[in-house]
Amino acid sequence: MNSSLKQLTQSLLVPVIPGGIITILIFYLDYFQFELVEKFLLFAAFVIVPLVILLLKYDDKNKQQRMVYTAIQWLQFPAALLTLASIMSSKMWGLGNTVPGLLSLGWLLFTLLLGIYGLTIIVIAKGKAAEIAIGAGLVYFFIGGIWFTLYQYQVNLFQATPATHALSSIHFHFSSAIVPIFIGALGRIMTKKSWYPWVVVIDIVGPILIAIGMIFSKPIEYIGVTLFACNIVVYTAYLLAYLRKNALRLSNTATFFLGLSCLAFYIVIVLSIFYPLLKNLFSLTILDFIPIYGSLHAFGFVLCGLIGWVYMVDFIKKK
């Protein structure tokens with residue numbers, strides 16, 4: 001019993017445990033009458049962001065960056081609790097739009113802090129593509145925070161409904177922010193490749209095209225989605241090849257979770273290809289597939305990927 005408790009306290013994932021417990025309760029208790037998109041937003045606030053913070057590093061000589069990093073660590077959980085209170089006040093307590101909107105400002109300000117930290121990474125990087133990708137991912141969290149606040153205030157912006165704001169917030173909290181961070185993490189450990197900076201550029205531009213397309217133009221959205229998906233294919237293919245080549249020299253935990261992350265992405269691709277056939281065979285609609293796609297992406301690709309990279313970074317530090 002004592003040994004298992006000791007292992008738990010030494011686990012890299014200790015900062016995520018309280019948020020993980022809250023997220024499980026939110027997903028499985030009928031008391032929380034939330035929309036699925038709201039549950040995933042809370043999952044991002046309580047679990048995904050703490051894992052991202054574990055991946056960040058700072059320059060010991062840069063006092064300002066170290067201070068911002070410390071503030072991020074301390075403020076993440078209170079900001080996530082304010083996010084929960086914001087959604088509860090609108091969905092369960094019936095407090096209109098003003099109170100939920102005001103409470104959502106806590107998460108907005110926290111993501112602003114993440115964005116500022118991301119900009120410091122970009123400035124200090126001095127052209128290093130991997131660090132620029134990670135910095136851009138942190139900036140996209142701030143954009144996701146803006147969309148969340150607009151959703152809580154129920155504001156119609158650029159002919160976009162609050163439902164679109166919620167989807168845009170999900171898009172920036174998961175795909176737009178996480179994929180650049182994954183590609184940046186890969187860039188830190190891979191040998192230099194001439195094509196890698198182009199992957200980073202596409203990875204930064206793709207989410208912007210998707211967001212613009214969701215509001216103004218479907219063709220632009222399709223272009224952004226295609227570029228972004230191709231980028232993830234390049235990332236997963238190279239990562240799997242790297243894991244296979246270095247299997248004996250890497251952490252088994254990191255290899256396992258990163259492999260699961262890649263597998264989840266390819267399952268999503270396969271389901272997308274066979275969606276018309278499955279729809280006809282089992283009389284399913286797109287609404288039936290949304291929870292499947294969302295779960296595979298959030299819990300499979302994103303969560304497993306972050307856990308894998310956290311253990312990979314720790315393993316490399318120790319080595």
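Phe43 is buried, and Phe174 is buried as well; buried means under 20% relative accessible area, exposed over 50%, and partly exposed in between, with a 1.4 Å probe and protein chains only. The two rings form a stacked aromatic pair, 6.2 Å centre to centre with 20° between the planes. This is a predicted model, in which local features need pLDDT of at least 70, side-chain atom pairs count only at pLDDT 80 or more, and totals for chains, interfaces and linings use all residues. Residues are numbered from 1 along each chain as its sequence is written, and side-chain values use heavy atoms, with hydrogens and water left out.

**Aromatic pairs**

- A pair of aromatic rings is described by the distance of the centres and the angle of the planes.
- Rings of Phe, Tyr and Trp (its six-membered ring) pair if their centres lie within 6.5 Å; planes under 30 degrees apart count as stacked, over 60 as edge-to-face and the rest as tilted.
- The structure holds 19 aromatic pairs.
- Phe43 sits in helix α3 (residues 36-55) and Phe174 in helix α7 (residues 162-189), so their pair ties together parts that are 131 residues apart in sequence.
- Phe182 and Phe301 make an edge-to-face pair, because their ring centres are 5.4 Å apart and their planes stand at 75°.
- Phe182 belongs to helix α7 and Phe301 to helix α12 (residues 286-318), so this pair ties together parts that are 119 residues apart in sequence.
- Phe182 is buried, at a relative accessible area of 0%.
- Phe301 is buried too, at 1%.
- Ring pairs also link Phe27, Phe40, Phe43, Phe174 and Phe299 into a cluster.

**Overall fold**

- The protein has twelve helices and zero strands; helices (H or I, at least four residues) and strands (E, at least two) are DSSP runs, numbered from the N terminus.
- The radius of gyration is 19 Å, close to the 20 Å that the globule rule gives for 319 residues, so the protein is as compact as a globular protein of that length.
- That radius is taken over C-alpha atoms, and the globule rule is 2.2 Å times the number of residues to the power 0.38.
- Along the principal axes, the C-alpha atoms fill a box of roughly 55 × 45 × 45 Å.
- Of the 319 residues, 49% count as buried.
- Contact means heavy atoms within 4.5 Å.
- Among contacts between residues at least 6 apart in sequence, 73% join residues at least 24 apart.

**Surface and charge**

- The protein exposes about 16,100 Å², and carbon and sulfur atoms supply 70% of it.
- Accessible areas come from the Shrake-Rupley method with a 1.4 Å probe; for residues, only the protein chains shown count as cover.
- There are 20 positive and 10 negative side chains, and the centres of the two sets lie 14 Å apart.
- Lys and Arg count as positive and Asp and Glu as negative; His and the chain ends are not counted.
- Each charge is placed at NZ of Lys, CZ of Arg, CG of Asp or CD of Glu.

**Buried sites in helices**

- Ser89 is part of helix α4 (residues 63-91).
- Ser89 is buried, with a relative accessible area of 0%.
- Not counting residues up to four places away in sequence, Ser89 touches Gly94, Leu95, Val99, Pro100 and Leu103.
- Phe265 lies in helix α10 (residues 252-273) and counts as buried at 8% relative accessibility.
- Beyond residues up to four places away in sequence, Phe265 touches Ala229, Ile232, Val233, Thr236 and Phe301.
- From Phe265 to His297 is 32 residues in sequence and 6.7 Å in space, C-alpha to C-alpha.
- His171 lies in helix α7 and counts as buried at 11% relative accessibility.
- Leaving aside neighbours within four places in sequence, His171 contacts Ser176, Pro207, Ile210 and Ala211.

**Loop sites**

- Gln154 lies in the loop between α6 (129-153) and α7.
- Gln154 has a positive phi of about 55°, although it is not a glycine.
- Gln154 is partly exposed, with a relative accessible area of 36%.
- Lys128 is in the loop between α5 (98-125) and α6.
- Lys128 counts as exposed at 55% relative accessibility.
- Lys128 and Cys230 are 102 residues apart along the chain, and their C-alpha atoms are separated by 22 Å.
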